[in-house]
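This report describes a structure with the chains and residues shown below. Please keep the display at hand while reading.

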Amino acid sequence: MKITLSWLKDHLETEADLATIAHRLTMLGHEVDAIDDPAARLSSFIVGHVVSAVQHPNADRLRVCVVDTGGDRVQVVCGAPNARAGMKGVFARAGTVIPRTGLLLKAGAIRGEASNGMLCSAYEMGLSDDHEGIIDLPTDAPVGQPFAPVMGLDDPVLDIKITPNRADCLGIRGIARDLAAAGVGRLKARPPVTVPGGFASPVGVRFDLPGELAAACPLYAGRYIRGVRNGPSPAWLQKRLLAVGLRPISALVDITNFFTLDIARPLHVFDADAVAGDIVVRMCVPGESLEALNGKAYELEGEMTAIADGDGVVGLGGVIGGQGTGCTEETVNVFVESALFDPIRTAATGRRLGLQTDARYRFERGVDPASAVAGIEAATRMILDLCGGEASEVVVTGAEPAHARTFVLRDSRVATLGGLPVPPEESRRILETLGATVRRSADALEVDVPSWRPDIEGEADLVEEVLRVHGYDAIPVVPLPREHAVTRPALTPAQRRVGHARRALAGRGMVEAVTFSFMPGGDAALFGGVGEALRLVNPISADLDVMRPSVLPNLIAAAGRNADRGFPDGALFEIGAHYADDTPEGQVLVAAGIRSGTAVERHWTGPARPVDAYDAKGDALAALSALGAPVDNLQTSLDAPGWYHPGRSGVLRLGPIAVARFGELHPAVLQAMGVKGPVVGFEVMIDAVPLPRGKGGHARPALTLSPFQPVGRDFAFLVDEAVSAEAVLRAVRAAERKLLAGVRIFDVYRGPGVPEGRKSVAVEVVLQPVGATLTEEEIDAVAARIVAQVAKATGGVLRG
Amino acid sequence: MTDLEPLRDRLMAAVAEAADLDQLEAVRLQSLGRKGEITERMKTLGGLAPDARRAAGQQLNELKDAVAEALEARRAALQADALDRRLAADRIDVTLPPRPAAEGRIHPISQTIDELTAIFADMGFTVAEGPHIEEDFYNFTALNIPPEHPARQEHDTFYLPPRADGTRLVLRTHTSPVQIRTMMRDKPPIRIIVPGRTFRSDHDATHSPMFHQVEGLVVDRTSHMGHLKGCLIEFCRAFFDIDDLPVRFRPSYFPFTEPSAEVDIGCSRQGGQLRIGHGADWLEILGCGMVHPKVLANAGVDPGEYQGFAFGMGIERIAMLKYGIPDLRTFYESDLRWLRHYGFVPLDVPTLSGGLSR
């Protein structure tokens with residue numbers, strides 16, 4: 001909200017300077033966003049006395065003027081037709097920046113005559129579009145002084161952020177009251193105005209609201225004023241409205257805007273001659289419409305509060321008036337409205353119609369319920385003063401809703417909640433200056449809250465008022481007491497291992513990304529799709545319309561963008577949720593990653609290698625290991641979901657539980673997303689990995705080191721193509737549990753020497769003797785068991 | 001047997017002249033081999049008288065030892081030469097680059113969460129979490145934001161379709177619902193922070209439809225605004241790593257706190273460059289306040305017995321300020337160049353003992 005300093009001083013008697021007022025406002029909770037101080041901005045433009053003005057010897061339209069600046073005399077060349085000796089104008093010395101153009105004024109010569117400054121036009125000063133001539137200041141303007149005060153341009157404008165709870169401060173008086181409480185001055189008394197009515201209002205007001213909707217408009221005060229002259233409002237009023245960003249329209253309209261800003265009391269003025277019969281406050285009937293004052297037509301709905309006459313809706317309560325009954329230059333008789341409208345309904349109406357107005361802004365935050373009659377009286381006074389006319393009696397329909405509220409502020413509470421011991425007398429002073437009526441009880445204050453402060457709802461609010469006015473700066477800083485001398489972990493084991501997985505994946509060269517939790521519905525369909533429950537009603541754009549069923553598509557899309565930028569090789573991962581359904585349990589925490597392009601780049605030590613499923617499997621295993629999964633016990637099944645390549649993907653399981661899936665992404669999925677392959681990826685379902693059971697301590701199992709050398713033996717098994725490497729390894733492990741220290745596949749071979757449809761799987765087995773060095777016979781016995789077990793489990797035979 | 005001197009001279013010369021190990025071996029065979037000259041001489045000893053045999057044998061043995069020693073010395077020298085020559089020929093270009101090892105990065109959001117977790121852990125906070133898809137009750141109503149409250153409109157909420165019972169879920173607009181969930185689950189005293197994803201339907205240069213917040217909640221019998229100030233001043237100074245960072249508390253309004261405050265930190269904007277620290281200006285970084293009695297009551301905590309404070313701030317915002325990241329939207333674009341530049345190496349785990357940030 002914009003206010004001017006002089007308008008504020010209408011309500012506040014203060015000697016404080018602008019900076020102090022702005023600072024105090026901010027520290028009262030009314031953050032000053034911007035200050036425009038034209039006096040400071042225009043201080044280098046001074047009143048100059050044109051001592052002489054003679055025809056330029058070399059130019060018909062130019063004059064050579066000598067300007068007395070109060071200190072020296074400066075020659076300027078001026079093209080204005082009104083430049084003349086003896087006048088006073090706005091002088092800018094060379095070196096000044098011209099407001100309109102932003103150009104630096106330079107000393108120089110114009111057609112051979114020196115010009116060391118400028119006599120400015122209103123256009124150049126950014127004050128108006130009039131560039132017919134230079135500004136002609138009054139003859140008594142003080143030479144050498146800044147010109148802005150002379151023209152009344154020295155009223156600083158403050159742009160203040162009023163928080164939504166402070167409807168009272170949407171009027172300048174509310175702001176002044178807060179400043180007065182904070183000691184920045186004294187709130188000027190404004191005795192209530194009463195204008196006696198000379199006749200009964202020919203326009204009546206009637207409520208036609210069903211009982212349960214009575215709160216839509218609890219009170220409507222109206223007044224007929226006849227014989228007004230509506231023309232432009234006086235200069236002081238126009239200047240004020242302009243300064244705070246409102247366009248002056250006519251005296252009657254400007255008066256309503258004045259009170260909206262001055263005391264946060266929205267008003268409306270109807271041209272009474274355009275109103276058919278009485279005013280009826282009722283609900284809109286669906287199908288009705290309103291040509292509003294802003295020139296737009298609105299279709300009305302049954303939930304909206306109508307101000308109607310015999311012909312139909314003439315205004316929307318608390319939001320906007322109708323064009324047909326608005327005031328014009330020809331208006332002679334008016335009907336002034338000062339009413340109360342339900343905040344919620346007003347907000348809903350405005351929202352529904354996409355219509356924000358100064359009235360709605362105030363009504364939806366809460367207009368002082370006691371202000372309706374006082375407002376209409378004050379407005380009447382100003383209308384009679386500025387437009388003449390004769391006022392009727394005030395028509396009041398409905399009643400002021402009960403607004404009296406009393407809360408107790410315990411003497412100790414400012415200290416125990418606010419941390420600042422404020423003497424109760426000071427609390428009392430603050431609350432009384434804010435408009436409360438305060439009574440003393442044994443150990444507390446009983447506070448009657450003023451009608452304009454609906455935001456105060458309890459003791460905590462009273463504490464805030466005291467602290468806010470006293471100043472948050474005064475609250476002593478107290479360290480939070482430590483519960484433990486030594487810091488305890490902030491993370492649970494389940495949370496901590498997520499960090500391990502994150503840093504393990506980054507340690508493998510992957511780059512962490514954070515992508516949106518939503519994604520294009522079309523792409524989501526490629527990843528199993530989402531139910532209706534996960535489709536946003538109001539997505540930010542059509543391609544961010546569903547909650548993601550997998551983290552992969554966002555990463556794949558990112559890889560595509562990176563490739564388009566010229567970086568086709570990348571390894572991205574993200575740890576975040578995907579959404580199986582709309583329940584908390586359906587939010588699944590996943591570590592997912594992709595690798596695209598080449599895994600090993602072209603290098604002088606060897607050729608490039610494209611990414612393959614084993615890269616993704618390695619990433620998945622690394623993440624699982626970091627999460628504490630027993631990776632040696634994992635089993636691989638071949639039922640990865642459809643977005644993976646059906647022949648090059650797998651699911652890693654602990655028993656029946658799928659903890660991860662990995663593989664090449666399905667080429668059709670990549671093609672649909674417009675991303676060039678190969679891309680491999682993995683998804684680790686973090687919470688599916690069981691947490692290692694805490695065994696009450698951090699001790700590791702005892703370490704027994706064998707003094708005997710391990711023995712290695714190699715086997716090459718011929719197995720059918722369909723036999724998985726995992727089956728061979730499992731058979732080897734099953735054959736020898738005690739001595740087996742390691743088993744590793746070091747070659748898989750197909751080709752000459754191996755029959756069609758079979759493959760040779762070469763396995764290195766390491767045996768670790770425990771009690772004594774193994775004899776050849778013992779080793780042979782183990783080898784025989786291994787061969788037999790592989791044969792039994794897989795049908796494999798030793799390759800001859 | 002006085003003719004050994006010429007033999008010695010010849011053999012020693014042959015040893016010295018052997019140019020490589022093969023020639024040296026030939027000399028060895030020629031002298032000490034089964035048919036070598038010294039061996040052959042040895043064989044003749046048997047025909048001598050005992051005294052002469054002893055004397056000749058002694059001389060021959062001396063010669064044999066001397067030749068063997070010379071052969072060994074020459075072998076060592078030749079081997080060393082050969083190694084030197086081989087190594088000289090084995091030279092590689094050590095200026096060639098090694099095999100590449102990819103280096104990963106931690107996203108600035110994760111790193112910032114780890115940093116602020118380290119700080120708040122030291123003040124006794126634990127980390128709580130909650131669902132992104134949230135019930136209206138937790139996101140709004142329990143937080144004293146009734147359905148038609150103007151503040152609810154300002155939240156730019158994302159909605160999910162209405163359910164059979166007419167209620168509709170929202171994407172949480174802040175991390176505050178976790179306050180409610182925590183208070184309904186745990187008994188005070190409570191000290192939690194809640195870092196996590198939040199969602200608002202707003203997208204422009206300074207707004208993203210998804211962003212991260214960290215919420216804080218302290219509930220006990222005695223914590224007041226002085227503690228709130230103490231807690232947050234410590235946080236700001238530790239996070240921005242400026243011991244005397246100016247921190248200002250300004251009254252403000254949030255439906256879920258009373259009294260409420262916004263917190264500004266000192267900064268300077270001289271020369272168009274924003275610098276955190278002492279300066280003429282203030283920069284708002286977070287909102288906070290004492291938990292509203294209605295919020296406590298809504299979450300089943302007796303406001304007559306318990307009180308506390310809450311705060312919330314944008315994680316991207318404080319990361320941008322600390323690390324000089326100019327544009328919010330770039331956080332989510334997954335541009336590898338950006339991630340490499342603003343990301344953190346995985347070994348940079350923030351700790352208070354080792355320092356939060358390099």
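## Sheets, chains and their contact

In chain B, strands S2, S4 and S3 make an open sheet in the order S2-S4-S3, with antiparallel pairing. Strand S2 (133-134) and strand S3 (159-162) of chain B are at the edges with a single partner strand each, so one side of each has no neighbour in the sheet. Strands here are DSSP runs of E of at least two residues, helices are runs of H or I of at least four residues, and both are numbered from the N terminus. Two strands pair if DSSP finds at least two bridges between them. S3(B) and strand S4 (residues 168-171) of chain B are joined in the antiparallel sense by 2 bridges. B:Pro162 has B:Arg168 in S4(B) as its bridge partner.

The model is predicted: local features need pLDDT of at least 70, side-chain atom pairs count only at pLDDT 80 or more, and totals for chains, interfaces and linings use all residues. Residues are numbered from 1 along each chain as its sequence is written, while chains are lettered from A and ligands numbered from 1 in the order in which they are written.

Chain A also has an open sheet, made of 5 strands in the order S6-S5-S4-S7-S10, and the pairing is antiparallel. Its edge strands, S6 (73-78) and S10 (117-119) of chain A, pair on one side only. On average, neighbouring strands of this sheet are turned by 45° against each other, direction ignored; the axes are lines fitted to C-alpha atoms, and angles run from 0 to 180 degrees between N-to-C directions. Strand S4 (residues 46-55) and strand S7 (residues 88-93) of chain A pair in the antiparallel sense over 4 bridges. A:Val47 is opposite A:Val90 in S7(A). Strands of a sheet pair through backbone hydrogen bonds, either parallel or antiparallel.

A residue is buried if 20 or more other C-beta atoms lie within 10 Å of its own, exposed if 12 or fewer, and partly exposed in between, with C-beta atoms placed from the backbone. The radius of gyration is taken over C-alpha atoms, and the globule rule is 2.2 Å times the number of residues to the power 0.38. For chain B the radius of gyration is 43 Å, whereas a compact globule of 358 residues would have one near 21 Å.

Residues are in contact if their C-beta atoms, placed from the backbone, lie within 7 Å.

A:Glu464 lies in helix H12 (residues 459-470) of chain A. A:Glu464 counts as buried because it has 28 C-beta neighbours inside 10 Å. Apart from neighbours within four places in sequence, A:Glu464 is in contact with B:Glu258 and B:Pro259.

Definitions and conventions: Contact = placed C-beta atoms within 7 Å.
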